Amino acid sequence: MLIGVPKEIKREEYRVGLTPASVRELTAHGHQVLVEHDAGAGINTPDSVYQAAGASMAANAEEIFDRAELIVKVKEPQATERKYLRPGQILFTFLHLAPDPEQARDLVESGATCIAYETVTAPGGGLPLLAPMSEVAGRMSVQAGAHNLEKTQGGMGILPGGVAGVPPAKIVILGAGVVGSNAAQMAVGSGAQVVVLDRSIDALRRIERLLGARAITVFSNRDNIERHVRTADLVIGGVLIPGAAAPKLVSRQMVSAMKPGAVVVDVAIDQGGCFESSHATTHAEPTYVVDHVVHYCVANMPGAVPRTSTFALNNATLPYVLMLADQGQRRALADHPHLRAGLNVCQGKITCLEVAAALGLPYHDPLQVRGA
C-alpha cells in the first residue's frame, strides 16, 4: 500500500503522522511511504532522515493526497485538505467530529473512509490512541495552569506549592481518567492541595492507590462540583465521553462565583469543552478572561511539545497503521472490532453512534456500510 504523510497545516501544529522509525517498519512490510517535504521539521527531523528510513519525498500536500491510498496525519484535515480526499481513500488521524459539523459534512461528501484515533478502543477497555496525548495534555495542564496563575498572565499571583508559612494553591481536577490521573500526579508533585472528582468509584480508587493521601478524591455530583470549583485556585477539566461532545460540568454561574484571578484549563476543548464559558484558543493566544477568571482552552495542547508527542503517538498508532496497510481497509475493519470502533465516516455515512447523536445525523452500523 502507498501511505502518505502530509505536513500538518493547522495553526501552531508541529507534530507529524509518522516518525522515521515507523516509516522503516512500514517499508520492511513491503509498503511505500510518501512524506511531504519538511513534514518532520517541527520535530527536528529533516527529509534526509526520512529518506534514509525508506521514504520518498513529495513536493506538496496535493501530491500526497493524489497518490496515497492511506493518509496518516495527526490533526483533523483542514478545509484545504478535505477537498483532496476521494472515495475509497483511508484517512487515519484525530477527527473530533462531535463539535465540528463543517468537517463532518466535508468528510461525508468526500466518500473517504475516515478512522478517528480518539474512538479506537482496546480489548481491555480504554482508548489506546487517545491515551498518549491525554497523558501529555494532563501533565501540561498543571504547567499551563501554574503559569497562568502568575500575576503577569492575569492570574491571582500565587505559587501552586506555596512556601513555608504560606498555604499552597487548591487544584481541582474534573475527571479521574488518563488526563485527570496525569494532571493529579503533576499537581501533587507541585506541592498543591489536590482534589479529584469523578463519577466512577473505581477511577477514584485508582487515584487513591496511585497517590494515597496526597490527593483528595470526591464523588462527582452537582453539589460537590459547585463547592470545590468555587473555592479552587485552578480547575482542570479532563472529562471525556468517547466520540461525543464533552458534558458541560461547570456552568457560567459557577465560573462567576470563582475567585478573582483563578484559572481554568479545559483539556476537553477538542470535544467542545466542559466549561460553559469555554471556547477554543491557540498557542499564540492561549487565554481569555470571563468574569475575572482566566481561561486556557488550547485545542492542541500536545502540539507545544511536538517531539515528545509525536513519538508517544507513533508508539500507539503504528500497529494499527500496519494492520490497515497489511490487510487493507475491508478486512482490517471487518476482523478487528476495536479498530472498527474508530470508523467515524465511511462511504458518505456517519458510522460512529456518538458522533451521529452529537450532530443530529443518521447513524449507520459500520458492518452494514458497503466497503467497511
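Let me start with helix H6, residues 131-148, and helix H11, residues 306-335, which pack at an angle of about 150° with their axes 8 Å apart; the axes are lines fitted to C-alpha atoms, for helices over the stretch in contact, and angles run from 0 to 180 degrees between N-to-C directions. This is a predicted model, in which local features need pLDDT of at least 70 and side-chain atom pairs count only at pLDDT 80 or more, while totals for chains, interfaces and linings use all residues. Residues are numbered from 1 along each chain as its sequence is written, and side-chain values use heavy atoms, with hydrogens and water left out.

H6 and H11 are therefore roughly antiparallel to each other, where angles under 35 degrees count as roughly parallel, over 145 as roughly antiparallel, 65 to 115 as roughly perpendicular and the rest as oblique. From H6 the contact draws on Pro-132, Met-133 and Val-136, and from H11 on Ser-309, Ala-312, Leu-313 and Ala-316, contact meaning heavy atoms within 4.5 Å. Of the residues in this contact, 6 are nonpolar, 1 is polar and none is charged (Ala, Val, Leu, Ile, Met, Phe, Trp, Tyr, Cys and Pro count as nonpolar, Asp, Glu, Lys and Arg as charged, and the others, Gly among them, as polar).

Staying with helix H11, we find Ala-325 there, and this residue is buried, with a relative accessible area of 6%; buried means under 20% relative accessible area, exposed over 50%, and partly exposed in between, with a 1.4 Å probe and protein chains only. Leaving aside neighbours within four places in sequence, Ala-325 is in contact with Met-1, Ile-3, Leu-26 and His-31. Arg-252, by comparison, is 73 residues from Ala-325 in sequence and 47 Å away in space, C-alpha to C-alpha.

My second residue is Glu-12, which lies in the loop between strand S1 (2-5) and helix H1 (20-28). Is Glu-12 buried or exposed? Glu-12 is buried, with a relative accessible area of 17%, and, again setting aside neighbours within four places in sequence, its contacts are Thr-282, His-283, Ala-284, Asn-300 and Gly-303.

Finally, the chain as a whole. It has 13 helices and 15 strands, which are DSSP runs (helices H or I, at least four residues; strands E, at least two) numbered from the N terminus. Buried residues make up 55% of the 372 residues, and, among contacts between residues at least 6 apart in sequence, 63% join residues at least 24 apart. Along its principal axes the C-alpha trace spans about 65 × 45 × 35 Å.
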